[in-house]
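User: I would like to learn how to read some features of a protein model, one at a time. Could you take me through them slowly, giving the general idea before the case at hand?

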Amino acid sequence: MRSISMAYPTIDLAATGAHIRQLRLEQGYSVQDLQAYLGLEHPQAIYHWQHGRNLPSVDNLYALSKLWGVPMDLSLIHISEPTRLQLI
């Protein structure tokens with residue numbers, strides 16, 4: 001078994017949610033606009049993202065990044081805490 005010294009990227013749910021909200025507002029979209037664009041039946045998923053309860057799926061994150069004209073990784077805020085990965 002080898003160990004690798006590198007920071008494991010952990011996403012900060014609360015900061016990412018706040019950032020998603022900020023991007024939405026900066027672009028002038030309402031929650032209902034995003035709901036319709038993403039084809040969501042209910043807006044609760046978007047509110048959950050914005051409050052840091054969970055993250056958008058990769059498909060939804062990709063769609064939002066294209067809508068907003070930003071790379072997907074710029075929508076995510078990570079916590080950089082160095083950890084060791086064990087390769088088995």
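Analyst: Let us begin with contact, which means heavy atoms within 4.5 Å. This is a predicted model, in which local features need pLDDT of at least 70 and side-chain atom pairs count only at pLDDT 80 or more, while totals for chains, interfaces and linings use all residues. Residues are numbered from 1 along each chain as its sequence is written, and side-chain values use heavy atoms, with hydrogens and water left out.

User: Leaving aside its neighbours within four places in sequence, which residues is isoleucine 79 in contact with?

Analyst: Once those neighbours within four places are set aside, isoleucine 79 is in contact with Tyr8, Thr10, Ile11 and Asp12. Helices (H or I, at least four residues) and strands (E, at least two) are DSSP runs, numbered from the N terminus, and isoleucine 79 is found in strand S2, residues 78-87. Isoleucine 79 also lies 9.4 Å from alanine 15, C-alpha to C-alpha, although the two are 64 residues apart in sequence.

User: Why does isoleucine 79 count as partly exposed?

Analyst: Buried means under 20% relative accessible area, exposed means over 50%, and partly exposed lies in between, using a 1.4 Å probe and protein chains only. Isoleucine 79 counts as partly exposed because its relative accessibility is 29%. In the chain, buried residues make up 27% of the 88 residues.

User: How are two packed helices described?

Analyst: Two packed helices are described by the angle between their axes and by the distance between the axes. Axes are lines fitted to C-alpha atoms, for helices over the stretch in contact, and angles run from 0 to 180 degrees between N-to-C directions. Here helix H2 (residues 31-38) and helix H4 (residues 58-68) pack at an angle of about 115°, with their axes 11 Å apart.

User: Which residues of H2 and H4 meet?

Analyst: From H2, Leu34, Tyr37 and Leu38 meet Asn60, Ala63, Leu64, Leu67 and Trp68 in H4.

User: Which residues of H4 are buried, and what covers them?

Analyst: The buried residues of H4 are Asn60, Leu61, Ala63, Leu64, Ser65 and Trp68, and their cover includes helix H1 (13-27), H2 and helix H3 (44-50). Just after H4, glycine 69 takes a positive phi of about 70°.
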